[in-house]
Amino acid sequence: MYVSVFDLFTIGIGPSSSHAVGPMRAAGMFLACLNEAKLLPLVARLEAALYGSLALTGKGHGTDRAVILGLEGNQPETVDPAHIPERFSDIESSGRLLLGGNHEISFDCKRDLLFVTRQSLPRHPNGLQFTAYAQDGTPLLMRQYYSVGGGFVIEGEADFTAPTVDISVPLPFTSAAELLAICQQHSIPISEVVLRNELSIRSEDEIRERLQKIWTAMQDCVHRGCTSTETILPGGLQVRRRASGLYKQLTERPETGLRDPLTVLDWVDLYALAVNEENAAGGRVVTAPTNGAAGIVPAVLHYYDRFCEKKAPDGIHRFLLTAGAIAMLYKRNASISGAEVGCQGEVGVACSMAAGALAEVMGGTPAQAETAAEIGMEHNLGLTCDPVKGLVQVPCIERNAMGAVKAINAARLALRGDGQHKISLDRVIAVMRRTGADMLDKYKETSRGGLAVNFTEC
């Protein structure tokens, strides 16, 4: 069983990997089924039903737009974010949709896009059902899909833990203990384990090229967030964008950093805020491992690139490979879905990934990297997902800044130790999974509990 690091780091659109990226991919999968069965030309009407968390927070998370644009053949990796609002508005007003990009059908958003808030499909809180009908109303095809976090989509009764790449790798691992044993046996770091496995799928040049593309996309996202001229995020909550103002403060008065050694944390905050404000605005981000937590890994990577003196030539790539290894463990043994385990599965996992990766590229042993990853999650256990008004803004944006700073501190704590600690990463992942199962549904991306129901507009 192997999930590639490039399944965990994907370039897509905001504001949510599970509620926007996943549903757009699910719509594309349904289109593929229609084409395979040669039914697409026969479709006269199509109904898309959103269940559970997708229904409860779908409008704030952009699920409606993602599904409809996906039905027109758009993909998260290539769709122009600036094109989405205008095209969605056109479909709403005209009542016509280009299924697959070329087959026009009637589509009434109020009639054909259903938000089923009081029911969930049986296998996951993020469920979708598509049904295509012929001109006489006869159902042609029906399929169910689950958006299980990080943009991953599972169809119907498929195995949630099935590999996205069905291939044998030379150094398989399913737990942190197995990963550390491999590192010790071969005297290699965690990043090298992942690299050797990835070489079973693609060439080293392609791996390096794709890692660099991810890093470039992260840098571009930070730059856009720092230089944005927009002042208010969309969605009606009237949240101000702060990254550009903070960027001006830090660059116009750089001498203040000489007086305050903690100014470096302001920069880390800036990087995270910039990414998550772009995500909240529906911009292009790197899912790492989700969109709601997309700012943590880039923020810590920028910290490493710009503030750490001793850097290996391939440090950025090693960081991403190590972070990917840690994400694989959570993906297989717990969850990266806020709708399933709360925000500990998003910000908590991203913090753990960034902490372990930073520890490795700062010269830490595999055991120290595992310790850092464990610390990063241990102190995010029980973190709820309670977005105000169903938007990925409050508390999500600031939470990424806090998660990035926490990851850096976790790595520093681990590097001051010898890799020996009481709670293993495997154990904390198991606890995270059980904590998510015990968590009330109102704290799992439904906007029915926590901050979401304790917010008063003035």
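Colleague: How many helices and strands does the protein chain have?

Modeller: The model is a predicted one. Its secondary structure comprises both element types, and the protein chain has 19 helices and 9 strands.

Colleague: What is the radius of gyration of the protein chain, and how does it stand against the globule rule?

Modeller: For 458 residues the globule rule gives 23 Å, and the value for the protein chain is close to that, so the chain is as compact as a globular protein of that length. Along the principal axes, the C-alpha atoms fill a box of roughly 70 × 55 × 45 Å. The radius of gyration itself is 22 Å.

Colleague: What percentage of the residues of the protein chain count as buried?

Modeller: A residue is buried when its relative accessible area is under 20%. The accessible surface of the protein chain is about 19000 Å², with 50% of it belonging to carbon and sulfur atoms. Of the 458 residues, the buried share is 57%.

Colleague: How far apart are the mean positions of the positive and negative charges?

Modeller: The protein chain carries 43 positive and 51 negative charges. The separation between their mean positions is 3 Å.

Colleague: Is the pair of F30 and F130 stacked or edge-to-face?

Modeller: The structure holds 4 aromatic pairs, and F30 with F130 is one of them. Their ring centres are 5.3 Å apart and their planes meet at 20°. Planes under 30 degrees apart count as stacked, so the pair of F30 and F130 is stacked.

Colleague: Which elements does the pair of F30 and F130 tie together?

Modeller: F30 is buried at 0% relative accessibility, and F130 is buried at 1%. The pair joins parts that are 100 residues apart in sequence, because its two members lie in helix α2 (residues 17-36) and strand β6 (residues 126-133).

Colleague: Does F307 count as buried or partly exposed?

Modeller: Y303 and F307 both lie in helix α13 (residues 296-307), 4 residues apart, which is about one turn of the helix. Their rings are stacked, with centres 6.3 Å apart and planes at 20°. Y303 counts as buried at 11% relative accessibility. With a relative accessibility of 34%, F307 counts as partly exposed.

Key. Residues numbered from 1 in each chain as written. Predicted model: local features only at pLDDT ≥ 70, side-chain atom pairs only at ≥ 80, totals over all residues. Heavy atoms only, no water. Rg over C-alpha atoms; globule rule 2.2 N^0.38 Å. Buried < 20%, exposed > 50% of the residue type's maximum accessible area, 1.4 Å probe, protein only. Areas by Shrake-Rupley, 256 points an atom, 1.4 Å probe, with all protein chains shown as cover. Lys, Arg positive; Asp, Glu negative; His and termini not counted. Charge placed at Lys NZ, Arg CZ, Asp CG, Glu CD. Phe/Tyr/Trp six-rings, centres within 6.5 Å; stacked < 30°, edge-to-face > 60°.
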